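Please keep the sequence and the 3D view open as you read.

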Amino acid sequence: MAEILVIEEAVTFAAGDGTHPVTRELCHAADDIARRTGHEWASLEVALPEALLRDPAAFGEAIAEASRDSWLVMMGSTSLGRDVMARAAGLLQVPLAQDCTAYSVTDGSPTFTRPLYGGKVLVDVQLKSRPMLATFRPRALPAFDGVARVLKHVACRSPTSPVVQVDVCAARVGRTLGVTEADVVVSGGRGMVGPDNWHILEELVSVLGPRATLACSRPVSDEGWRPRAEHVGQTGQAIAPDVYIACGISGAIQHVAGITGSKCIIAINRDADAPIFKVADYGIVGDLFEVVPALTQAIRAFGDS
Amino acid sequence: MKIAVCIKQTPDTEARILVAPSGCSIEEAGLTWIISPHDESALEQALQIRDRCQGRVTAVALGPARVKQALREALAMGADEALHLPCDAMPADAAVTAAALAQALAPRTFDLILTGEQSIDQAGSQVPQRLAVALGWPCVTAVEGLEVDGNSVNAERPREQAEETVRFELPAVVGINRRIGEPRYPSFRGIMKAKRKPIGVAVVTLDEEAMVRVRMRAPKAKKQGVVGAYGSGIEDTVAALLAGAAKV
């Protein structure tokens with residue numbers, strides 16, 4: 001096995017099967033760190049029996065087996081990635097820098113940056129262990145544009161006795177993009193008034209192209225207006241899109257914690273004093289039921305001209 | 001059924017957090033402390049299971065003397081007993097936290113250990129899996145729905161890829177997400193009763209931390225954006241920017 005390993009996560013998109021886009025971002029980090037420290041790196045596909053694919057204990061065990069002689073092991077900070085890397089770290093009895101957003105290299109060793117307290121503070125940590133384990137938040141790093149060496153590890157565990165039995169009750173087959181993966185995220189809050197008004201956000205998403213998707217604030221998912229998977233914030237998902245458009249979201253500190261990684265924040269709200277305007281790069285004070293359709297119309301006009 | 005709930009005391013989600021002059025910790029003076037929200041929902045689940053299936057709920061917290069307040073709140077919500085694992089300062093490395101919890105929990109033969117999938121301060125998402133490794137138990141985390149029937153458990157766990165239902169047997173460690181449901185408020189009677197309940201103490205030794213904090217710092221302050229009323233022309237700027245982002 002290589003000294004630096006990137007653990008791949010298999011995913012299914014509308015377009016077909018592949019690896020999670022965060023894998024290419026980790027390959028960028030692996031390639032960069034490898035050059036600066038004189039290590040070799042590879043991307044690792046973990047091959048598990050079908051029955052164990054979704055069992056983090058089996059996946060974590062396989063990572064631990066494959067990485068015993070490695071120097072640095074990285075995976076995406078996705079729901080599965082955080083789970084299996086915590087398992088692997090427990091088995092290897094090493095620390096894990098979870099949900100990192102940046103790294104640096106000094107004197108041949110990496111320092112990892114993680115947000116604490118919902119992003120109110122950043123901490124730089126070093127790991128005094130071999131291997132060093134880290135997960136990185138999707139979209140925090142640039143994507144690798146080279147060709148990765150891909151290794152395969154076949155898990156030792158027999159498929160006969162899963163510790164937990166995982167049933168998929170609703171696979172998101174044919175789904176477009178998850179909130180953590182999209183370039184542009186259009187998000188609705190309590191100001192949307194009710195679940196029947198979401199078509200105006202869907203229309204905005206549709207003119208913004210295939211890399212755009214929908215999200216929502218916590219009260220919206222609590223009310224059941226939108227699926228829980230779309231909830232962005234301190235107790236939901238932390239995202240880092242190129243553009244985040246907050247529609248009718250007041251900007252409670254718990255919500256803002258989940259969106260500070262966004263490169264550009266656009267807020268639309270009736271209330272000029274809403275805290276969301278403090279973190280917005282562009283703010284439109286107005287009735288979202290007027291503003292959003294007008295924006296959709298204007299963007300469509302750009303396409304036609 | 002004997003249920004342990006590991007709770008962490010964290011600063012309130014609304015709190016302003018300042019880095020201490022040492023650069024490796026935060027200023028604790030003047031902070032309002034709460035039970036970490038995911039842990040609080042884990043406690044709520046434990047109380048509901050106990051009320052349905054009989055048994056006892058033990059709230060467990062590692063930390064300096066201030067965490068006894070969090071245990072007192074857990075008792076007020078309805079926990080049967082509380083166990084304090086004293087230490088001078090909270091570990092920065094989740095491996096150390098989990099090892100300390102495992103020391104106290106392993107000899108006490110619990111059937112089920114519940115905790116938040118992550119704390120809202122360190123957000124490491126590690127303690128449930130590490131505890132399970134230490135105890136040799138199964139672990140299911142990021143759980144948003146939980147049904148216990150005798151020794152069998154059904155848990156709902158949403159992944160980016162699919163909504164999953166996970167079936168497993170007790171004993172087990174379960175990491176709960178706040179979205180499973182809001183916790184109850186302590187009743188006046190609960191608060192009064194909690195004052196009389198003793199808080200047990202378990203002495204644990206903390207391992208040396210292999211994750212070292214080099215520096216804590218505030219993120220770069222964001223420069224004030226452009227805000228304008230609809231109709232002032234700001235909407236044209238935004239539309240042009242979005243058309244660019246969408247490459248229309």
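Why is strand β7 (residues 139–143) of chain B largely enclosed by the rest of the structure? In β7(B), 5 of the 5 residues are buried, so the strand is largely enclosed. Buried here means that 20 or more other C-beta atoms, placed from the backbone, lie within 10 Å of a residue's own.

A word on conventions: this is a predicted model, in which local features need pLDDT of at least 70 and side-chain atom pairs count only at pLDDT 80 or more, while totals for chains, interfaces and linings use all residues. Residues are numbered from 1 along each chain as its sequence is written, and chains are lettered from A and ligands numbered from 1 in the order in which they are written.

**Strand pairs**

Helices (H or I, at least four residues) and strands (E, at least two) are DSSP runs, numbered from the N terminus. Two strands pair if DSSP finds at least two bridges between them.

| Strand | Partner strand | Bridges |
|---|---|---|
| β7(B), residues 139–143 | β11(B), residues 172–176 | 3 bridges |
| β1(A), residues 4–7 | β5(A), residues 72–76 | 3 bridges |
| β17(A), residues 282–285 | β14(B), residues 226–229 | 4 bridges |

Chain A holds an open sheet of 6 strands, paired in parallel in the order β6-β10-β5-β1-β4-β11. Its edge strands, β6 (96–100) and β11 (150–154), each pair on one side only. Helix α2 (residues 56–66) of chain A lies across β1, β4 (41–47), β5 and β11 of chain A, and runs at about 140 degrees to β4(A). Such angles run from 0 to 180 degrees between N-to-C directions, with axes fitted to C-alpha atoms, for helices over the stretch in contact.

**Where the chains meet**

Contact means C-beta atoms, placed from the backbone, within 7 Å. By this rule, 77 residues of chain A are in contact with 65 residues of chain B. Helix α3 (residues 79–92) of chain A gives the most to its chain's side, with 9 residues.

**Cores**

A nonpolar core joins buried Ala, Val, Leu, Ile, Met, Phe, Trp, Tyr and Cys residues through C-beta atoms within 7 Å. The largest has 121 residues, and I63(A) and V5(B) are among those with the most contacts inside it. Helix α3 (residues 94–105) of chain B gives the most to this core, with 9 residues. Another core, of 52 residues, lies apart from it and includes V243(A) and L242(B).

How values were computed: Buried ≥ 20, exposed ≤ 12 C-beta atoms within 10 Å, placed from the backbone. Contact = placed C-beta atoms within 7 Å.
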